[in-house]
Amino acid sequence: MSSKDTPAIRQSKGGVQSVERAFGLLECIANSAGSATLSHIAADVNLPLPTIHRLLNTLVNLGVVRQLPDRGYALGPGLVRLGDIAGSQLGAIARPYLRELVAELGESANVATMDGDMVVYVDQVASDRQMRMFTEVGRRAHMHATGVGKAILAGLDSEQVRHIATTAGMPTPTEYSIGTIDGLEAELERIRERGYAIDEQEQELGVRCFAMAIPDSPAPLAISVSGPISRVDQSFADRAVPLLKDAAARISAEMQSGR
């Protein structure tokens with residue numbers, strides 16, 4: 001990301017400049033997969049270095065930014081509680097739509113968001129079938145090996161994808177998991193073309209998942225439906241994809257109306 005294309009600091013009418021600048025620094029760090037060097041921040045936000053130093057020192061003292069051993073900066077633990085609360089609120093917004101998906105499709109539905117270089121599940125509505133998929137809310141997973149994670153990655157640029165994959169690593173939980181950055185980028189291109197992601201037994205053998213990103217969400221967000229491959233087949237996909245698309249659009253609209 002460059003300040004020319006997507007400025008980290010957005011000026012709002014009547015806003016407090018120092019607050020907008022501080023949040024701009026947080027956005028810059030977040031958009032760099034959770035950590036950034038001072039030179040990167042300076043190039044991105046287009047502020048004088050003394051101003052950047054002063055704001056970063058304040059954010060470090062507040063615990064919302066931490067300084068790394070290499071003198072870079074990362075998002076700090078003070079954001080965790082805020083993030084947990086925001087995540088639960090995102091889950092609450094999505095929950096009615098997850099219930100609709102479960103009612104229509106008979107399989108478990110999830111919503112997840114990006115958490116640093118991982119994906120975290122913020123809500124689930126489980127199927128009432130005896131054999132069903134269950135994901136614990138708050139569980140973190142590698143983005144490259146989950147449907148929701150790949151759906152989110154498909155909305156990022158190549159530099160961000162490579163940074164996340166390099167930082168988090170690319171473990172292969174199953175024989176179907178993607179284990180290389182080149183393989184991941186090829187998969188993400190397929191996702192962009194068709195508009196949705198598939199977890200093809202990449203996280204757990206015998207489980208298939210269809211996922212879709214929420215457009216224009218305030219944070220990277222995706223919803224999914226998952227179940228055993230014996231039930232979640234092409235016929236299921238033909239029904240699930242339009243329902244996911246509709247749910248994603250309605251969740252997006254509700255989030256936009258609440259801004």
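These legends accompany close-up views of a predicted model.

View 1. Asp199 belongs to strand E7, which covers residues 197–200. Although the residue Asp199 is buried, it has no salt bridge, and the nearest side chain of opposite charge, that of Lys150, is 5.8 Å away, whereas a salt bridge would need the charged atoms to lie within 4 Å. A polar atom of the Asp199 side chain does, however, lie 3.4 Å from the backbone nitrogen of Gln203. When neighbours within four places in sequence are left aside, the residues in contact with Asp199 include Ala145, Thr146, Gly147 and Lys150, and also Val207, Arg208 and Cys209.

**View 2. Helix H1.** Helix H1 is made up of 15 residues, numbered 17–31, and because each residue is taken to contribute 1.5 Å, the helix should span 21 Å, which agrees with the 21 Å found between its end C-alpha atoms. The residues of H1 that are buried are Glu20, Ala22, Gly24, Leu25, Leu26, Cys28 and Ile29.

**View 3. Strand E4 and its two partners.** Seven of the eight residues of strand E4 (residues 108–115) are buried, and therefore the strand is largely enclosed by the rest of the structure. Strand E4 runs antiparallel to strand E9 (residues 221–228), to which six bridges join it, and in this pairing Ser108 stands opposite Ser226. With strand E5 (residues 118–125), E4 also pairs in the antiparallel sense, here over seven bridges, and Asn110 has Gln124 of E5 as its bridge partner.

**View 4. The hairpin of E4 and E5.** Two residues lie between the strands E4 and E5 in this hairpin, where Gly116 takes a positive phi near 65°.

Notes
Residues numbered from 1 in each chain as written. Predicted model: local features only at pLDDT ≥ 70, side-chain atom pairs only at ≥ 80, totals over all residues. Heavy atoms only, no water. Helix = DSSP H or I, 4+ residues; strand = E, 2+ residues; numbered from the N terminus. Buried < 20%, exposed > 50% of the residue type's maximum accessible area, 1.4 Å probe, protein only. Lys, Arg positive; Asp, Glu negative; His and termini not counted. Polar contact = N/O pair within 3.5 Å; in protein donor to acceptor, adjacent residues only side chain to side chain. Contact = heavy atoms within 4.5 Å. Expected span 1.5 Å × (residues − 1). Pairing = 2+ DSSP bridges.
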